[in-house]
Amino acid sequence: MSTKDENEHLYHKEPSFVQMVRNFAKATATHVANGMKNVSLEIYADRLSSCDDCPHLNKEKKRCGLCGCMLEHKAKWESSECPDKPSRWKK
């Protein structure tokens, strides 16, 4: 049995492609409205580290399993928030 099979209960079905596009479009619009500000490299690294420990992370695709966003982009954006409850990212 592979590790993913053993931990299948930790993985949630990713949002549909259409929902991922909607989520990413909303995050992008918020990022643009926020002046396209990015977080510092320290905060970016901290966010990615938090994601690495998250059971929702699709490590193969480097996507959030809750919203479907590409972490390499979303984690950089100052206006972005972790969709997990409670958030895994510091305010």
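Student: Is K91 buried or exposed?
Tutor: K91 is exposed, with a relative accessible area of 87% in this predicted model.

Student: Where is K91 found?
Tutor: K91 sits in the segment after α4.

Student: How far is K91 from E81 in space?
Tutor: Their C-alpha atoms are 8.5 Å apart. In sequence, K91 and E81 are ten residues apart.

Student: Let's zoom out. How many helices and strands are in the chain?
Tutor: The chain has four helices and two strands. Along the sequence, the pattern reads α-α-α-β-β-α.

Student: And what share of the residues count as buried?
Tutor: The chain has 91 residues, and 30% of them count as buried.

Student: What about contacts across the sequence?
Tutor: Take contacts between residues at least 6 apart in sequence. Of these, 61% join residues at least 24 apart.

Student: What is the mean pLDDT of the chain?
Tutor: The mean is 87. Also, 87% of the residues reach 70 or more.

Student: Which elements have the lowest and the highest mean pLDDT?
Tutor: Helix α1, residues 3–6, has the lowest, at 48. Helix α3 has the highest, at 96. Over residues 5–9 the pLDDT is below 50. Beyond near neighbours in sequence, that stretch has one contact in the model.

Student: Then let's look at α3. Which of its residues are buried?
Tutor: Y44, R47, S50 and C51 are the buried residues of α3. They lie on the same side of α3, because they cover an arc of only 125° around the axis.

Student: Why do residues three or four places apart point the same way in an α-helix?
Tutor: An α-helix has 3.6 residues a turn, so residues at that spacing point the same way.

Student: What do the buried residues of α3 pack against?
Tutor: They pack against β1, residues 57–58, and α4, residues 71–74.

Student: Which exposed residues are on the face turned away from the buried side?
Tutor: That face of α3 carries the exposed residues L41 and E42.

Student: What should α3 span at 1.5 Å a residue?
Tutor: Its twelve residues should span 16 Å. The end C-alpha atoms are 16 Å apart, which agrees.

Student: Back to S50. Where does S50 lie in the chain?
Tutor: S50 lies in α3, which runs over residues 41–52.

Student: Why does S50 count as buried?
Tutor: S50 has a relative accessible area of 17%, and buried means under 20%.

Student: What does the S50 side chain reach?
Tutor: The side chain of S50 reaches the backbone oxygen of R88, at 3.3 Å. Setting aside neighbours within four places in sequence, S50 is in contact with R88 and W89.

Student: New topic: cysteines. How many disulfides does the structure hold?
Tutor: The structure holds zero disulfides. C51 is in no disulfide, and the nearest cysteine sulfur is that of C82.

Student: Are C51 and C82 buried or exposed?
Tutor: C51 counts as buried, at 9% relative accessibility. C82 is buried too, with a relative accessible area of 8%.

Notes. Residues numbered from 1 in each chain as written. Predicted model: local features only at pLDDT ≥ 70, side-chain atom pairs only at ≥ 80, totals over all residues. Heavy atoms only, no water. Buried < 20%, exposed > 50% of the residue type's maximum accessible area, 1.4 Å probe, protein only. Polar contact = N/O pair within 3.5 Å; in protein donor to acceptor, adjacent residues only side chain to side chain. Contact = heavy atoms within 4.5 Å. Disulfide = S-S within 2.5 Å. Expected span 1.5 Å × (residues − 1). Arc of directions from axis to C-beta. pLDDT = per-residue confidence, 0-100.
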